Amino acid sequence: MAVYENIIFALFLLIGAFHIACVFFNWDWFFKSFQASRVVKAFGRTGARIVYGLLGLMLILFAVSTKVDWL
């Protein structure tokens, strides 16, 4: 089980960090992608940055929670 926990930890941590980096650097290529453009249309660019920032934070918190057995 420890190998799977480490893989899940690394995967969710990297994906969360990627979303945080996209929000911080405001990358056009990310926010113009198909899925992100739908969020941008619904909430605006600033709202989409907030949504993806919260999503990245939740993914990082989930990764940490799997490592320290919060869940």
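Is Thr66 buried or exposed, and why does it count that way?

Mentor: Thr66 counts as buried, because its relative accessibility is 18%, and buried means under 20% relative accessible area, while exposed means over 50% and partly exposed lies in between (1.4 Å probe, protein chains only). Before we go further, keep in mind that this is a predicted model, in which local features need pLDDT of at least 70 and side-chain atom pairs count only at pLDDT 80 or more, although totals for chains, interfaces and linings use all residues. Residues are numbered from 1 along each chain as its sequence is written, and side-chain values use heavy atoms, with hydrogens and water left out.

Thr66 sits in helix α3, which covers residues 34–67; helices here are DSSP runs (H or I, at least four residues), as strands are (E, at least two), and both are numbered from the N terminus. If we set aside residues up to four places away in sequence, Thr66 touches Ile8 and Phe9, where a contact means heavy atoms within 4.5 Å. Those two partners fall within the residue range of helix α1, which is 2–25.

Stepping back to the whole protein chain, we find three helices and zero strands, so to speak a run of α-α-α from the N terminus on. Its C-alpha atoms fill a box of roughly 40 × 20 × 20 Å, taken along the principal axes.

The chain averages 92, and 96% of the residues score at least 70.

Because Asp28 lies in helix α2 and Arg45 in helix α3, the pair ties together parts that are 17 residues apart in sequence. Asp28 is partly exposed, with a relative accessible area of 42%, and Arg45 is partly exposed too, at 27%.

On the surface, Ile20, Ile50, Leu54, Leu57 and Leu61 form a nonpolar patch with about 440 Å² of accessible area together. Patches are made of residues with over 30% relative accessible area and no salt bridge, like charges being joined within 9 Å and nonpolar side chains (Val, Leu, Ile, Met, Phe, Trp, Tyr) within 5 Å. Helix α3 gives the most to this patch, with four residues. One of the members, Ile50, counts as exposed at 51% relative accessibility, whereas Leu57 counts as partly exposed at 44%. The C-alpha atoms of Ile50 and Leu61, eleven residues apart along the chain, are separated by 16 Å.

Finally, look at the loop between α1 and α2, where Asn26 lies. Its phi is near 55 degrees, a positive value in a residue other than glycine, and at 29% relative accessibility Asn26 counts as partly exposed. Aromatic rings of Phe, Tyr and Trp (its six-membered ring) pair if their centres lie within 6.5 Å, and planes under 30 degrees apart count as stacked, over 60 as edge-to-face and the rest as tilted. By this rule the count comes to ten aromatic pairs. Phe24 and Phe25 form an edge-to-face pair, at 5.0 Å centre to centre with 80 degrees between the planes, while Phe25 and Trp27 form a stacked one, at 5.4 Å and 15 degrees. Phe24, Phe25 and Trp27 belong to one aromatic cluster whose other members are Phe18, Trp29, Phe30, Phe31 and Tyr52.

Terms used
pLDDT = per-residue confidence, 0-100. Areas by Shrake-Rupley, 256 points an atom, 1.4 Å probe, with all protein chains shown as cover. Salt bridge = Lys/Arg side-chain N within 4 Å of Asp/Glu carboxyl O.
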